[in-house]
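Here is a note for a colleague who is meeting this structure for the first time. Please keep the sequence and the 3D view open while reading.

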Amino acid sequence: MAYLYLPRNHQPDDSNPQWMNKADNAWQLTSATLVGLQSVPGLVILYGSIVKKKWALNSALMALYAFAAVLVCWVGWGYQLAFGDTLVPFLGKTNFDALEQKFLTSQAFVGKFPNASMVYFQFVFAAITLILIAGALLGRMNFIAWMLFVPLWLTFSYTVGAFSIWCPQGWLFRMGVIDYSGGFVIHLSSGVAGFTAAYWVGPRAPRDRERFPPNNILLMLAGAGILWMGWTGFNGGDPYVASLDASLAVLNTHVCAAMSLLTWLMLDILFYEKPSVIGATQGMITGLVCITPAAGVVQGWAAVLMGLMSGCIPWFSMMFLHKKMWFLKQVDDTMAVFHTHAVAGTLGAILAGVLANPRLSRIFYMVDDWPKYIGLAYGIQSGKFNAGLRQLWVQLIEEEVSEGDNAVHGEEAYALWGDGEKFDNSKLQFVHEIEEHQLSKSGYGL
């Protein structure tokens, strides 16, 4: 009889069970779609426009293929490996529940929405991780090899990180690692994996490394813009509820990205005397990546500080260390994924261990365990130094586990690997040495 006091559209029925919150479910589906748009068409456009014309089709298709292949693997076995019942402390038991109606229409392991929404939401994160790895391999990856790599890496690497850190049964989740929305699971893992894959695949042909301008810089900016706005769902959807924490995460995300972009731009002007469009894009990305592990657990001033640091440290690692350190020079990382994702993601994860606000952490994690989820800065302030130190230690432990536009903007400053430098690494070079005329038939040849 109590249901008589509810509006008709809020009364429980078969399509609206009592445990489901319509607003939360709608926000979760919206967030997932925003993240999906980051990949398709966001990164499809970005990759296809930032490489030389002869590689545009191949680069765009690598992203599109990964998105489709990950979805099939995810519902087949990936989701249960990453979020299923515990097989071992870092991996779940695989089954075909993600294709079963009974499972998909029951309540998810967290949140007031069905498993179908959770499977979809987690899929878009898995997909973008693989597509980020592709960024390190643009301009020379054999497509058949990429088709094999995607399901293998998803199965044997991504699922391990996702279960360990995001699944409530995961050993790092239980330890108290703060990874709000994928600083470790997505960005550090994709940065390290992309860098490693680029080493083994080998460098691009010298003619493709020398002078590396985008083939369409306006389309590149369009793709980057979709990526930026899509981050609203990337970080805003991770509380699994349309809450105060989600609102804070969204605002912090954009504040950090803006500050990072401006910082990177100022450094370009200071050292190269020209504001670079590609540099502004890289600064935007490092800001988004840096805030991701901490988006909803830090205050606004901390987001500004993180944006300042994410505009400085990855800039320094890309513009100076990459040219000075021998082991970095051996790898042809096309989109500088190591710097924009591995370095920025690691920075964000460490800063989360320093700047995490205990009250905001409790709202997000819904726990009363004060010794966990308290940043070192707040630990010092509140006299809980050991708790703050422990949190920073946990973050570091996880890091170890995961290992005339031209006249105006001077884009030559970003030909980071285009000074005719020689790569000692030539492993598997035969896999990707494709003659120019093979792609020119598609209309994308130079």
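The points below go from the whole chain to a cavity, a surface patch and some backbone details.

1. Basis. This is a predicted model, in which local features need pLDDT of at least 70 and side-chain atom pairs count only at pLDDT 80 or more, while totals for chains, interfaces and linings use all residues. Residues are numbered from 1 along each chain as its sequence is written, and side-chain values use heavy atoms, with hydrogens and water left out.

2. Overall make-up. The chain holds 20 helices and two strands, taken as DSSP runs numbered from the N terminus (helices H or I, at least four residues; strands E, at least two). Of its 446 residues, 57% count as buried, where buried means under 20% relative accessible area, exposed over 50%, and partly exposed in between (1.4 Å probe, protein chains only). The accessible surface comes to about 18,500 Å², and 67% of this belongs to carbon and sulfur atoms; such areas come from the Shrake-Rupley method with a 1.4 Å probe, and for residues only the protein chains shown count as cover.

3. The second largest cavity. About 120 Å³ of space lies in this cavity. Of the 15 residues that line it, Leu43, Leu132, Leu227, Ile285 and His341 are the closest to its centre. Helices α1 (22–50), α4 (115–134), α9 (217–236), α11 (277–291) and α14 (337–355) each supply at least two lining residues. A cavity here is a set of points, on a 1 Å grid over the protein atoms alone, where a 1.4 Å probe fits but cannot get out, and lining residues have an atom within 4 Å of a point.

4. A nonpolar surface patch. Ile144, Met147, Leu148, Leu152 and Phe156 make a patch of about 540 Å², built from residues with over 30% relative accessible area and no salt bridge, with nonpolar side chains (Val, Leu, Ile, Met, Phe, Trp, Tyr) joined within 5 Å. A salt bridge is a side-chain nitrogen of Lys or Arg within 4 Å of a carboxyl oxygen of Asp or Glu. Ile144 belongs to helix α5 (residues 143–166), and it counts as exposed because its relative accessibility is 53%.

5. Backbone details worth checking. In helix α1 lies Pro41, which is joined to Val40 by a cis peptide bond with omega of about 15 degrees. Tyr240, although not a glycine, has a positive phi of about 60 degrees; Tyr240 sits in the loop between α9 and α10 (244–272) and is buried, at 12% relative accessible area.

Definitions and conventions. 1 Å grid on protein atoms, 1.4 Å probe; cavity = no way out; pocket = protein on both sides within 12 Å on 5 of 7 lines; lining within 4 Å. Points joined across faces, edges and corners; volume = space filled by probe spheres on them. Patch = residues over 30% accessible without salt bridge, like charges linked within 9 Å, V, L, I, M, F, W, Y side chains within 5 Å.
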